[in-house]
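Let us go through this model in a few questions. Keep the structure in view.

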Amino acid sequence: MAQYDFKKITVVPSGNDLIDIVLSRTQRQTPTVIHKGNAISRVRQFYMRKVKFTENNFTDKLSKTIEDFPRVEDIHPFYGDLLHVLYNKDHYKLALGQLNTVRNLIKRIREDYVKLLKYGDSLYRCKSLKRAALGRMCTVTKRIGPSLAYLEHVRQHMARLPSINTGAPTILICGCPNVGKSSFLNKITRADVEVQPYAFTTKSLFVGHTDYKYLRYQVIDTPGLLDRPLEDRNIIEMCSVTALVNLHAAILFFLDLSGSCGYSISQQAALFHSIKMMFRNNPVLIVCNKTDLQTLEGLSGEDLKLVMEMKSAALKTLPGQGGEAANDQDVLLTMSTITDEGVMAVKNAACQRLLDQRSERKMKSKKMPNVLNRFHVAMPKPRDQKERPVCIPQAVLEARAEEAAHEERKTEKDIENENGGAGVYSASLRKHYILADDDWKLDILPEFLDGHNVYDFIDPDILQRVEELEREETAVEEDGGDFEMEDEDFTAEAEKDLQEIRKRKKLLIQKHRIKKSTAESRPTVPRKFDKDRKFTTERMGRQLSSLGIDPSRAIERARSRSVSRKGRKRERSVGGDGEDEMEIDGGLDNKKKLRLRSRSMLRSRSVLSQRPLGEVVPGEGFKDSAQKMKAVTMARNATKKRNKDARRGEADRVIPTLRPKHLFSGKRSIGKTDRR
């Protein structure tokens, strides 16, 4: 049986939208200019063409809509009844019939006005007839606006219907609301149906697919049913009834033994007996769900009797149709979707019943005798009454016993499964290391320590060197203690200087260590917070005097820098060397004197402080000036591009090409040239 795809139905426009589409297309795709001086035959042809083109567009649109929607008589009875339940088959036919009537009316309008246009005697008369023809077509189309809106609503709803293959092997799940039908569908298929602890969570049909013995089976979840007359059922329940009546499938009637669904076993049994006439010619299985709350053996005698009556009724639904249950256990099954107990057994039993019924029907078909005539099954006949048991050689038996006794080697996959599986267990790559001691395999070897690569400091001869160092230390201890520098060659004055040098070196090392340990975390403290008065001009003067340098100018310069400069720009100090000072006439004011002195000091200091770029200073690491100049050039080239890129940020306005070639080349064509 064909599988219907209702999603391919084209969108149905409203009445006004359809008129706009057709008239705009007529305006765009037909000539629009006609003159008074043209021959009357040309005028007639001009307006007849517009009328015919408009009629063709209306007819094409309406025909496309009528053909896309399925005819109720031509589709499978399941879809026909489903359309009737959801949209009322009479309204559906009436809407399509109105579209067909309007299509015929538009054709008739076209024929009438084309005849009249053939006898038009002037441009005005032909134009008036054209306007009348198009106006009547639009008026007729507006009248079917409600029908077009109804069909668009039906199309949207049909596009959301599940795609059910009416010819595929199907498992149909039914029962009272909230008995676990949707949970079972989620367990055996990849469907993701909403599951909630209240009735009528499922409001329409849901489809999933599962495999059994290399065949694909279709599983349909239906909304819950209530025990009431057919005329009192709502649309949701009628969807289930339509599927039960029209689909050939294995019926799984779910029974809640615990009664937590809100319906007792007697109510569920009454529902089963009221709809069992819909199960004819279909295999039926009674599935007792929620056994984690209530087992079948724990039921009372009255409830158990009702279940057994349902079981006997289920056995009578297939009179000679094939697919009968092999035993009573294949009709009454128990399961729990919470603990997954019996879920796969229910699925396999339903699929096997369908498979057996399919095979038996094929065996009863007319083609089967022709197929069986091509086969011949040969059965060997015994030549005597002597028994000949199977003979297995002794060597084979010993090999089997040895193989059974041999313990299988544990693979890494087995160890992973024992320790939590993938994502929990991480295989160790060190356990196969070949080392002198197995305890070393799990030692952690750092790759980086204090910012250094540990492998760079590994010495293969470390043990030999340690032994040599130990022997040397032992020899020193045997000679009389720690090694000391011989002081016989030093005079008393040299000895005193040596002690002073050692003392100062020790102090410098301590200060450096203190400074290094706290330099990163110590903030820069202004002098006004220097409580200990370590950095003063008096101290600087004493140190410079001890070195034989006149400290007066340095103290004066430091004091001039410390003067507050609030309210004016920061300027250079007035002090400087005597030869750098300039004689200023008395007529100049103080600001001008200060400016001139600062300029002269800047020029002189820059001359004195700068040294040639190629001059090599001890400690820079260059062997000569050529090597230094080469290094400076390489540094400049390396930073040139980085400096260039650093000038431009994300927020800067950038014009990559000031004059784009496509705007400033070639001839100017007809049109606006404002952009140039």
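Q: How do α4 and α5 run relative to each other, roughly parallel or roughly antiparallel?
A: This is a predicted model. Helix α4 (residues 89-118) and helix α5 (residues 123-143) pack at about 175°, with axes 10 Å apart. Angles over 145 degrees count as roughly antiparallel. The two helices are therefore roughly antiparallel.

Q: How many residues of the contact of α4 with α5 are nonpolar?
A: On the α4 side, the contact includes Val102, Leu105, Ile106 and Ile109. These and others meet α5 residues, among them Leu129, Ala132, Ala133 and Met137. One contact residue is polar and two are charged, while the nonpolar ones number 13.

Q: Which strands stand at the edges of the open sheet?
A: The six strands have the order β2-β3-β1-β4-β5-β6, with mixed pairing. An edge strand has a single partner, so one of its sides is left without a neighbour in the sheet. That describes β2 (206-212) and β6 (332-334).

Q: Which residue in β3 stands opposite Leu172?
A: Strand β1 (residues 170-175) and strand β3 (residues 215-221) run parallel. Four bridges join them. Opposite Leu172 stands Ile220.

Q: Which helix gives the most to the lining of the second largest pocket?
A: This pocket holds about 380 Å³ of space. Its lining has 26 residues, and those closest to the centre are Asn178, Val179, Gly180, Ser183 and Val195. By type, the lining divides into ten nonpolar, eleven polar and five charged residues. With three residues, the top contributor is helix α7 (residues 181-188).

Key
Residues are numbered from 1 along each chain as its sequence is written. This is a predicted model: local features need pLDDT of at least 70, side-chain atom pairs count only at pLDDT 80 or more; totals for chains, interfaces and linings use all residues. Side-chain values use heavy atoms; hydrogens and water are left out. On a 1 Å grid over the protein atoms alone, a cavity is a set of points where a 1.4 Å probe fits but cannot get out, and a pocket is an open set with protein on both sides within 12 Å along at least five of seven lines; lining residues have an atom within 4 Å of a point. Grid points are joined across faces, edges and corners, and a volume is the space filled by probe spheres set on the points. Ala, Val, Leu, Ile, Met, Phe, Trp, Tyr, Cys and Pro count as nonpolar, Asp, Glu, Lys and Arg as charged, and the others, Gly among them, as polar. Axes are lines fitted to C-alpha atoms, for helices over the stretch in contact, and angles run from 0 to 180 degrees between N-to-C directions. Angles under 35 degrees count as roughly parallel, over 145 as roughly antiparallel, 65 to 115 as roughly perpendicular and the rest as oblique. Contact means heavy atoms within 4.5 Å. Two strands pair if DSSP finds at least two bridges between them.
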